[in-house]
There are 2 protein chains.
Amino acid sequence: MGENMASRSVATGRARGDPANSESAQQLVQAAIDLMRERDTLDVSFVDIAERAGHPQGLIGYYFGNKQGLLVAALERSIARALAQLESLLAADYDPVEKMRMHLNGIAEAYYRFPFFNRLLQAMVRDGSPEYAARLTQRLIQPMMDAQAAIIDAGVAQGVFRPVDKKLFYFATVGAADGLNAARFILGGALGQEIDAESSKRNAAAIIDFFLAGLMSRD
Amino acid sequence: MGENMASRSVATGRARGDPANSESAQQLVQAAIDLMRERDTLDVSFVDIAERAGHPQGLIGYYFGNKQGLLVAALERSIARALAQLESLLAADYDPVEKMRMHLNGIAEAYYRFPFFNRLLQAMVRDGSPEYAARLTQRLIQPMMDAQAAIIDAGVAQGVFRPVDKKLFYFATVGAADGLNAARFILGGALGQEIDAESSKRNAAAIIDFFLAGLMSRD
């Protein structure tokens, strides 16, 4: 039943179908992603998701067990590209400064494309059982934290980075990269500035600039 | 009717009482703050707020018109101390580096005490009319942005800071300072680290350290 499929691994429901091999299931995941992004809310209903995907509501239960299962699949699809990029980045022959630059750029880009990601993950960890929260963290956060830590360690070993509290650095970079997205209704409405691909790129460059400066060795 | 009272200024409801002069009204605001903080959610009901404050539900409508009115009062109370500190900070005779240090510390401290603040403000701006969103931004964000911009300008003029995109810097610092709080269920549950006053202080120190390094002139 596809136990090793990414889109099933942390779901808890009583799903009967295998979403990884179903185009309809993937369309439901995409509809959930699109609706959360467009409306800037985690509060999307089965009715709306099914209607957007053009499938009957019952398919959600069939493939994902429950809403939590569908949302986990949405989180996993959102982060899949960033994680794949990160793996090839770590394996590549760049120096730590260049790796950190590309890593921070990847985070900022992912949050621009999936502005609901952080909030959804935080809400699911908050509302889930301790075991469930641990599995989500293990699968969706730990790989990013480990990769960033490896880049920092390499830089410290080479003397280009100074030692920092890696956990605090991680949550600061993630929060900062997401700051502009989280504020996009404030910026769009009252400050007269839409967050588009262009301003998102400038934000990524600023995040890289600020944090690399904070990380560089000072002698 | 207290038009100039902070807790009325951006409320839209048909409130009939003056909350600024009522201890019961202030207890309702505090109950809303306490519940949002404890449960890490914006979704608190009139029933729960009234019960926590020990007052009948009808008092909320009487003093705040509607839920929006009560939540705006909660935002304004949450930020009042930080804004007052900021005013005296700007007037004080510190150099820009020291002012930025204290300003960033104030942001980090406020988010630790009011972890719901950013999310609530963002949701209210998102869901309100354009005029309402503009008033909220004007009242609750613009003073912070202006103060930070003034500190940066002073530092640039003295040659200790380099010029940065001030809007991007603002949302990056705010996002970074809030990053640890936003992740506190992840940290508490899966990474085995509670966010307490002690770790919040270390977070504030790290934020100051990272961003000041990013801001300092490089010659």
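How many salt bridges does the rule find across the interface of chain B and chain A? In this predicted model, four are found, a salt bridge being a side-chain nitrogen of Lys or Arg within 4 Å of a carboxyl oxygen of Asp or Glu. One of the pairs that meet this rule joins A:Asp165 to B:Arg202, with 3.4 Å between the closest N and O atoms.

The model is predicted, and local features need pLDDT of at least 70, side-chain atom pairs count only at pLDDT 80 or more, and totals for chains, interfaces and linings use all residues. Side-chain values use heavy atoms, with hydrogens and water left out.

Contact (heavy atoms within 4.5 Å) links 44 residues of chain B with 44 residues of chain A. The buried area, defined as the accessible area (1.4 Å probe) that two parts lose on being put together, summed over both, is about 3600 Å² between the two chains, and carbon and sulfur atoms give 71% of this area. B:Arg126, B:Leu168 and B:Phe210 supply 20% of the area that chain B buries against chain A, more than any other three residues.

Chain B can be laid on chain A by a turn of 180° and a shift of 0.0 Å along the axis, with an RMSD of 0.0 Å, where copies are superposed by least squares on the C-alpha atoms of residues with pLDDT of at least 70 in both. This is the relation of a two-fold axis. Of the interface residues of chain B, 100% are also interface residues in chain A, so the copies meet through the same surface.

Notes:
Residues numbered from 1 in each chain as written. Chains lettered and ligands numbered in written order.
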